[in-house]
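Student: I would like to go through this structure and ask what stands behind each label. Please give the value and the cut-off each time.

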Amino acid sequence: MRNHMDHATAHQGGGPGPDRAEIAPVMVFRVGERLYGLPAGQVVRECMPVPELLPLAVALPHVSGWFRLGAARVVVLDLGVLLGERARAVSQPVDLLYRPLLLCKLEGGGHVALLVDGAREVTRAGLLTAGPVDGAGPEVECAGQELELKDGSIACMLRMADILTRGERMRLDDLMARTHARAALWAGAGDEAEGHP
């Protein structure tokens, strides 16, 4: 069986393929050497540069940190770790400089940001095919569809429910609450020190 990259290579430069149908907008991005897709608008709200990230109270191998978005706190998940491309989340500012974030809506409200290696395009044209896709790591499965792009390359469609399960979201929310409580504790200690020279 050919692997994902073999499939992508086989379609490149092989002459015109089937007509690409208009589809709902898809954000196509790169993690490692492979392309992936998530619904644009419906899931991906925007693609943005990485802001200053703050650490969580407990370090996790797949979490780069968190940032403020208005009054909300948004956790940054390194999709490269979840897809098996690297062992630990990228978190150093120099390594984050040219990596974009995909700000994604969560079911029921709230956001999470996905750190990816490159943003390619938002497309409305492609050929969706069903079937098992070789390319996702052990933590995240493809949505059972490949998207063939106009240049013949292949993007594996992902689902947010596989990237962040309900139970994982609850654990992240709890961890963010602990992080906030810890910051408030230190802020209170600073106020007391200022009031008592």
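Student: How much accessible surface does the chain have, and what share of it belongs to carbon and sulfur atoms?
Tutor: In this predicted model, the accessible surface of the chain is about 11100 Å², and carbon and sulfur atoms hold 54% of that.

Student: Why is the contact between R86 and D78 called a salt bridge?
Tutor: The N to O distance between the two side chains is 2.8 Å. The cut-off is 4 Å between an Arg or Lys side-chain nitrogen and an Asp or Glu carboxyl oxygen, so the pair qualifies.

Student: Is R86 buried or partly exposed?
Tutor: R86 has a relative accessible area of 19%. Buried means under 20%, so R86 counts as buried.

Student: What makes R99 partly exposed?
Tutor: R99 has a relative accessible area of 23%, and partly exposed covers the range between buried, under 20%, and exposed, over 50%, so the label follows. R99 meets D117 in a salt bridge of 3.0 Å, N to O. The residues D78, R86, R99 and D117 are linked in a network of salt bridges.

Student: Which residues have the most contacts inside the largest nonpolar core?
Tutor: The core has 30 residues, and those with the most contacts inside it include F29, L77 and L79. A second, separate core has 12 residues, among them L53 and V76.

Note on methods
Residues numbered from 1 in each chain as written. Predicted model: local features only at pLDDT ≥ 70, side-chain atom pairs only at ≥ 80, totals over all residues. Heavy atoms only, no water. Core = buried A, V, L, I, M, F, W, Y, C linked by side-chain atoms within 4.5 Å. Buried < 20%, exposed > 50% of the residue type's maximum accessible area, 1.4 Å probe, protein only. Areas by Shrake-Rupley, 256 points an atom, 1.4 Å probe, with all protein chains shown as cover.
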